[in-house]
Amino acid sequence: MSTENLPQIPERRSPGQSSDGRSLRKPRVAVVFGGRSSEHGISVVTAGAVLRAIDRSKYDVLPIGITVDGRWALTADEPERMAITDRRTPSVEQLTDSPDGVVALSVDPGNREVVYSEPGAVPKALGEVDVVFPVMHGPYGEDGTIQGLLELAGVPYVGSGVLASAVGQDKEYMKRVFTSFGLPVGPYEVIRPREWELDPSAARQRIVDFAGEHGWPLFIKPARAGSSIGITKVDEVSGLDAAIEEAQRHDPKILVEALLRGREIECGVLEFEDGPRASVPAEIPPVQSHDFYDFEAKYIDSASGIVPAPLTEEQTAEVRRLAVAAFDAASCEGLVRADFFLTEDGGFVINEINTMPGFTPISMYPRMWQETGVGYPELVDLLIQAALRRSTGLR
């Protein structure tokens, strides 16, 4: 990508200010996506949807992709190339013309400048950004890492801060937080990497004992992954080792969960100026040809949920209340999708929250808000405006 074709950013002024008292600069939004996690491709797909939805008459946009090896790259603003084709997800590497070019964000809070450089060329300043929309899923993005970088840089960003992002990514500590706030969670065990390395027999026996108490099947999950990647439903002892090996491909820490019999219910939370509100809930029905709502069902086969969920008024009110309570318990900001089970005894159990949920127009979070009265472009705009209102730092 030649420097002549790089995006041009207006001279350094704050949004709302003008040099002549008349013209106003549009806020600059950097959409950051991709990353080093196993959810790289889904992040790219989500970014394409966000780029299509951002009102270009209201905002300037700078797409920045993070490659699978962690390099920040200047990518083409071509959302049509960021789609699943032939059952394959796209990558950042396919969207940049310069395999060696690097984008860098200043970590000086007084200077929000973005710089682009290539080997043997003079670095080129791309100007400042006013807000970052980190469309990141999984570790090295959704887990508080990029949020920490943006806090150091003094750049406002969409979504939750460092703590809430980390809690939302680590399913063990998420459940511990929920339990401390009195929210109902299902039975679980955690196998830490050191336990498995030093005494796998003892760790395996602990899982077997857990199954003896709660029954088979069990779900073996990476503790800090998303999009149902690396999850295996295990029906008996003989399948444990393979399931653990698969989960550890994505995270050395393993979460073991008991099967909760009931209906899968989801609810979106969105932060407005007067506080968080919950959407109408959705139901994820059993998916034919899939043991559970896994990655293939979600993204490749495009299994669809029911919006709104067929619940009673009392059930709807309760799950919306619990979704906002989970949002507040984890100190979230911006947006959250809260996932529940409506168990056979009629109670709700919270399974997890996602601080940057699937966010294409057909994803459950935007669909729930569409049914609640907030369309996709408006949803994107509300999130950017909320980020622009917030400062970085302690709040």
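In these legends, buried means under 20% relative accessible area, exposed over 50%, and partly exposed in between, with a 1.4 Å probe and protein chains only. The model is predicted, so that local features need pLDDT of at least 70 and side-chain atom pairs count only at pLDDT 80 or more, whereas totals for chains, interfaces and linings use all residues. Residues are numbered from 1 along each chain as its sequence is written, and side-chain values use heavy atoms, with hydrogens and water left out.

View 1. Helices (H or I, at least four residues) and strands (E, at least two) are DSSP runs, numbered from the N terminus. Five of the five residues of β11 are buried, and the strand is thus described as mostly covered. I254, V256 and A258 point one way from β11 while L255 and E257 point the other way, and all are buried. The sheet is open and antiparallel, with its four strands in the order β8-β11-β9-β10; two strands are taken to pair if DSSP finds at least two bridges between them. Because β8 (188-191) and β10 (232-234) stand at the edges with a single partner strand each, one side of each is left without a neighbour in the sheet. From one strand to the next the twist averages 25 degrees.

View 2. Strands of a sheet pair through backbone hydrogen bonds, either parallel or antiparallel. Four bridges pair β8 with β11 in the antiparallel sense, and the bridge partner of Y188 in β11 is E257. Strand β9 (residues 218-222) is joined to β11 by five bridges, again running antiparallel, with F219 opposite E257. Between β9 and β10 there are three bridges, also antiparallel, and here L218 stands opposite V234 of β10. Helix α6 (residues 200-214) packs on this sheet, touching β8, β9 and β11 (254-258), and its direction makes about 175 degrees with that of β8. Contact means heavy atoms within 4.5 Å, and angles run from 0 to 180 degrees between N-to-C directions, with axes being lines fitted to C-alpha atoms, for helices over the stretch in contact.

**View 3. The packing of helices α1 and α11.** Helix α1 (residues 40-53) and helix α11 (residues 376-389) pack at an angle of about 95 degrees, with their axes 9 Å apart. The two helices are therefore roughly perpendicular to each other, a term that covers angles of 65 to 115 degrees, while under 35 counts as roughly parallel, over 145 as roughly antiparallel and the rest as oblique. T46, A49, V50 and A53 of α1 meet Y376, P377 and V380 of α11 in this contact.

View 4. The unreviewed UniProt entry lists E352 and N354 under "binding site"; UniProt positions are given in the numbering used here, feature names are shortened, and annotations may be inferred rather than shown by experiment. E352 lies in strand β16 (residues 348-354) and counts as buried because its relative accessibility is 12%. Not counting residues up to four places away in sequence, E352 touches K171, M174, R337, A338 and D339.
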